[in-house]
2 protein chains.
Amino acid sequence: MASLRSWLSIPRGSHFSLANIPFGVISTASSSTPRVAVAIGDHALDLEAFAANNGFSGLSTIQPHQAVFSQPSLNAFAALGRPIHSVVRKYIQTVFSVDTTYPDVLKNNSALQKQALIPLKEIKAHLPFKIGDYTDFFAGMNHAYNCGVIFRGPQNALQPNYKHLPVGYHGRASSVVPSGTPIRRPNGQLLLDPTAEKKVPTFSPCKKLDIELELGAFVCGSNKQGVPIPIEEAEHNLFGVVLMNDWSARDIQAWEYVPLGPFNAKNFGTTISTWVVLADALEPFKTKGLENDSEVLPYLKEKDEKTVYDINLEVDLKTSSGNTTTVSKVNARNLLWSFPQMLAHHTITGCPFQPGDLLGSGTISGNSPAEYGSFLEQSNNGKDAVTLGGGEKRTFLEDGDEVTIRGVCGTDEEALVGFGECIGRIEPALTLSFA
Amino acid sequence: MASLRSWLSIPRGSHFSLANIPFGVISTASSSTPRVAVAIGDHALDLEAFAANNGFSGLSTIQPHQAVFSQPSLNAFAALGRPIHSVVRKYIQTVFSVDTTYPDVLKNNSALQKQALIPLKEIKAHLPFKIGDYTDFFAGMNHAYNCGVIFRGPQNALQPNYKHLPVGYHGRASSVVPSGTPIRRPNGQLLLDPTAEKKVPTFSPCKKLDIELELGAFVCGSNKQGVPIPIEEAEHNLFGVVLMNDWSARDIQAWEYVPLGPFNAKNFGTTISTWVVLADALEPFKTKGLENDSEVLPYLKEKDEKTVYDINLEVDLKTSSGNTTTVSKVNARNLLWSFPQMLAHHTITGCPFQPGDLLGSGTISGNSPAEYGSFLEQSNNGKDAVTLGGGEKRTFLEDGDEVTIRGVCGTDEEALVGFGECIGRIEPALTLSFA
Ligand SMILES: [Ca+2]
Ligand SMILES: [Ca+2]
Ligand SMILES: [Mg+2]
Ligand SMILES: [Mg+2]
Ligand code: NI
């Protein structure tokens with residue numbers, strides 16, 4: 001892809017090149033009401049201010065809808081549909097292009113630049129959507145296999161349903177937080193000796209606090225209850241993608257999850273990156289996912305082979321002593337199921353969706369330990385400690401650990417399509433007087 | 001409890017006696033904007049109209065908050081907290097009392113009666129809350145035991161965790177619908193022969209469509225992420241209770257649920273009754289639940305022994321030929337865990353709640369087949385058909401079947417605290433061109 005050049009100075013290596021134009025919700029010290037923005041280089045373009053000052057004078061299709069940019073979430077913008085997202089993104093690319101056909105809109109309008117182009121350092125990025133429902137899938141087959149080996153051995157590592165449907169569970173929408181929000185270590189019930197015959201739980205702070213390296217996809221479409229979204233239409237219902245860390249309490253999960261699945265192990269916090277990369281921006285980076293050697297049912301069959309994204313993901317762990325180690329590097333293509341397949345499966349019963357609903361991919365792991373997206377896998381469920389850069393060791397997360405996920409598409413340093421960062425730092429568990 | 005008498009004619013046996021005063025959201029043909037109301041006898045009192053016409057002149061505490069009654073949901077009213085719900089309910093009881101101290105408000109105000117007292121036949125009752133998150137528990141121990149016997153035999157019927165924590169799973173908030181909404185039979189993956197060694201799913205309309213007789217509790221409080229709600233405060237965070245039918249696709253569930261729990265089997269529709277009975281109105285009907293012979297951890301320990309409700313529940317099945325049979329009668333006390341325990345457990349990790357969040361009790365079953373709250377139990381997973389009144393038989397639900405749940409507290413026909421009805425009728429599955 002030839003890189004687009006901008007009259008605005010965009011640092012080499014920026015995640016937010018002109019090829020990207022991700023959407024988010026921001027506020028500033030001087031204007032604390034959250035509103036819609038895009039990120040470009042080291043700046044956010046405040047779309048409320050941009051729209052109010054005739055920024056969209058060259059794009060008549062958006063003019064009747066400009067109120068969406070004054071909303072405190074992307075839900076209303078997303079609901080306009082992918083053709084609108086597409087023209088708005090392209091228009092903004094044109095406005096920032098070095099040879100823009102609309103020079104008076106922003107390039108030669110220093111007053112509006114001053115008002116609407118805000119250094120990213122000066123903004124607060126909020127949760128981009130009001131999330132109605134959140135579902136987390138389990139489509140990272142290497143992760144599913146590795147966990148299966150840990151808990152059941154290699155013979156039965158993958159369950160019989162795994163290759164026939166995207167396994168998932170309903171998550172807790174209220175617990176999804178934007179990058180940077182501290183994560184408190186949860187308390188709960190766990191078994192100190194899971195192998196003991198008599199199962200008596202102990203109340204304790206989680207001792208196996210883990211990450212899950214995932215992608216999240218926001219839905220922009222909706223369907224009437226009772227009416228599925230066909231697979232070939234599923235993609236038109238996807239707004240864009242974020243990085244996701246599905247913090248997980250492995251010991252709480254092991255005790256609670258039979259027979260209805262993970263619950264408290266997953267509802268204390270899920271962190272997402274704050275800039276949503278549009279499905280359109282990811283289009284050039286589509287690639288083939290993991291091979292499914294089972295025949296899938298027609299409602300899950302996709303025409304195109306390229307259904308997942310070529311995104312280079314990495315996870316950094318910074319300990320409270322200040323040492324930072326990259327603990328995982330893996331490509332996001334390591335998925336057996338695509339987001340359109342997840343949406344088609346989720347709605348095949350008629351389950352209704354609304355703009356702002358969130359789908360998690362499941363943990364993304366590659367084939368070697370350096371590519372594993374969780375400490376459960378990296379430490380073999382706590383048996384083998386991982387050695388960090390400064391010589392410290394980890395099986396699971398300790399208090400004060402800060403985890404940063406990064407993700408980026410492409411190699412042209414002037415045309416990267418990146419996700420920024422998804423960060424969370426572990427705070428000590430509360431000491432509870434009543435427990 | 002001595003019955004309160006009203007100047008308004010309230011039919012004997014009405015679920016909505018003066019002792020009740022349940023809250024809901026209504027609209028009418030002439031005024032289609034949903035707003036808040038209470039039910040009393042055969043009428044709804046439109047609280048928006050009531051408030052606008054000085055109805056609350058005798059209750060100064062609510063006056064600054066009257067806008068809550070113009071909302072299309074109870075969320076804002078609920079957020080005012082239980083002390084406010086309590087005084088509003090008591091004030092309305094006083095206004096309707098035969099010897100009311102506020103006769104000019106409504107008793108002698110025929111103009112306002114005409115405007116604000118609407119026959120229930122003429123109103124449409126909406127979903128009472130905008131539901132942020134919905135969680136379904138599994139606290140009906142007899143049901144859990146019966147299901148365990150069906151799937152694992154009597155030795156291991158209850159899982160080791162069952163008596164130590166209220167097992168639950170996150171549900172799909174978007175799929176909760178008000179009483180009367182038709183329920184479409186879902187399509188999905190199922191195993192035609194679950195015992196076959198090779199597991200190859202078939203795409204099919206659900207063949208084991210079932211009901212689950214439950215209670216739902218709406219939350220009115222909120223907690224900051226990371227900060228649990230202690231058990232002794234949990235009850236103050238509960239707004240009120242509805243009847244719930246958690247429609248379930250047993251065959252879809254059997255194939256999909258390992259290892260992350262029920263998913264598509266539960267997300268096509270959950271029906272609730274539309275009038276929310278306040279926790280205050282249920283206070284006189286508190287009773288002891290099922291005995292827990294395990295020692296529970298301190299964070300789940302309640303001071304009072306009476307933590308669940310004495311509600312007589314029944315389930316009617318009307319077939320498309322018009323025959324109606326009462327298929328189940330059971331008391332709601334058949335729960336091992338109370339709603340306060342569910343909320344304390346759910347938040348022990350710091351999981352955040354908002355007003356309008358919904359908790360399902362889990363299926364309520366007694367000890368004999370006539371008291372079972374699902375067809376799974378009544379038919380022993382399809383093995384033994386249930387004979388209905390007209391001679392028809394059922395293992396699971398057929399298209400055109402209409403299920404009605406009723407629930408009522410008390411025996412004084414002039415002071416019942418009832419829930420009205422929770423109704424749903426099964427529509428045939430869609431025939432899908434793409435599947
Ligand atoms: Ca996950
Ligand atoms: Ca249920
Ligand atoms: Mg989570
Ligand atoms: Mg349901
Ligand atoms: Ni007040």
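Mentor: Contact means heavy atoms within 4.5 Å. The model is predicted: local features need pLDDT of at least 70, side-chain atom pairs count only at pLDDT 80 or more, and totals for chains, interfaces and linings use all residues. Residues are numbered from 1 along each chain as its sequence is written, chains are lettered from A and ligands numbered from 1 in the order in which they are written, and side-chain values use heavy atoms, leaving out hydrogens and water.

Trainee: Among contacts in chain A between residues at least 6 apart in sequence, what percentage joins residues at least 24 apart?

Mentor: Chain A has 10 helices and 26 strands; helices (H or I, at least four residues) and strands (E, at least two) are DSSP runs, numbered from the N terminus. Among its contacts between residues at least 6 apart, the share that joins residues at least 24 apart is 71%.

Trainee: What radius of gyration does chain A have?

Mentor: The C-alpha atoms of chain A fill a box of roughly 75 × 50 × 40 Å along the principal axes. The radius of gyration is taken over C-alpha atoms, and the globule rule is 2.2 Å times the number of residues to the power 0.38. For 435 residues a compact globule would come near 22 Å, and chain A agrees with that because its own value is 22 Å.

Trainee: What percentage of the residues of chain A counts as buried?

Mentor: Buried means under 20% relative accessible area, exposed over 50%, and partly exposed in between (1.4 Å probe, protein chains only). Of the 435 residues of chain A, the buried share is 61%.

Trainee: Which residues of chain A coordinate the calcium ion (ligand 1)?

Mentor: Donors are N, O and S atoms within 2.8 Å of the metal (3.2 Å for Na, K and Ca); water is not among the atoms, so sites may look incomplete. Along the chain, the donors of this calcium ion follow the spacing D-x75-E-x1-E-x31-D. They coordinate at 2.1 to 2.3 Å, through OD or OE atoms, and the residues are A:D136, A:E212, A:E214 and A:D246.

Trainee: How many residues apart are A:D136 and A:E214?

Mentor: A:D136 counts as buried because its relative accessibility is 1%, and A:E214 counts as buried because its value is 0%. A:D136 lies in strand 6 (residues 134-137) and A:E214 in strand 13 (residues 213-219), both of chain A. The pair links distant parts of the chain, and the separation is 78 residues.

Trainee: Which residues of chain B are the protein donors of the calcium ion (ligand 2)?

Mentor: In sequence, the donor residues of this ion are spaced D-x75-E-x1-E-x31-D. B:D136 lies in strand 6 and B:E214 in strand 13 of chain B, so the pair ties together parts 78 residues apart in sequence. Both B:D136 and B:E214 are buried. Lying 2.2 to 2.3 Å from the ion, the donors are B:D136, B:E212, B:E214 and B:D246.

Trainee: Which residues are the protein donors of the magnesium ion (ligand 3)?

Mentor: The spacing of the donor residues in sequence is D-x19-K-x3-T. A:D246 sits in the loop between strands 14 (238-245) and 15 (248-249), and A:K266 in the loop between helix 7 (250-256) and strand 16 (270-272), so the pair ties together parts of chain A that are 20 residues apart in sequence. A:D246 and A:K266 are buried. The donors lie 2.0 to 2.7 Å from the magnesium ion, and they are A:D246 (OD), A:K266 (O) and A:T270 (OG1).

Trainee: Which residue of chain A is in contact with B:F137?

Mentor: B:F137 lies in strand 6 (residues 134-137) of chain B, and it counts as buried because its relative accessibility is 2%. Leaving aside neighbours within four places in sequence, its contacts include B:M342 and B:H346 of chain B, and from chain A there is A:F263.

Trainee: How many residues of helix 9 of chain B are buried?

Mentor: Helix 9 spans residues 339-347 of chain B. Among its buried residues are B:M342 and B:H346. What covers the buried residues includes strand 6, strand 13 (213-219) and helix 6 (231-234) of chain B.

Trainee: What distance separates the C-alpha atoms of A:L190 and A:A254?

Mentor: A:L190 is in strand 10 (residues 187-190) of chain A and is buried, with a relative accessible area of 1%. Not counting residues up to four places away in sequence, A:L190 touches residues including A:D251, A:I252 and A:W255. A:L190 and A:A254 are 64 residues apart along the chain, and their C-alpha atoms are separated by 7.7 Å.
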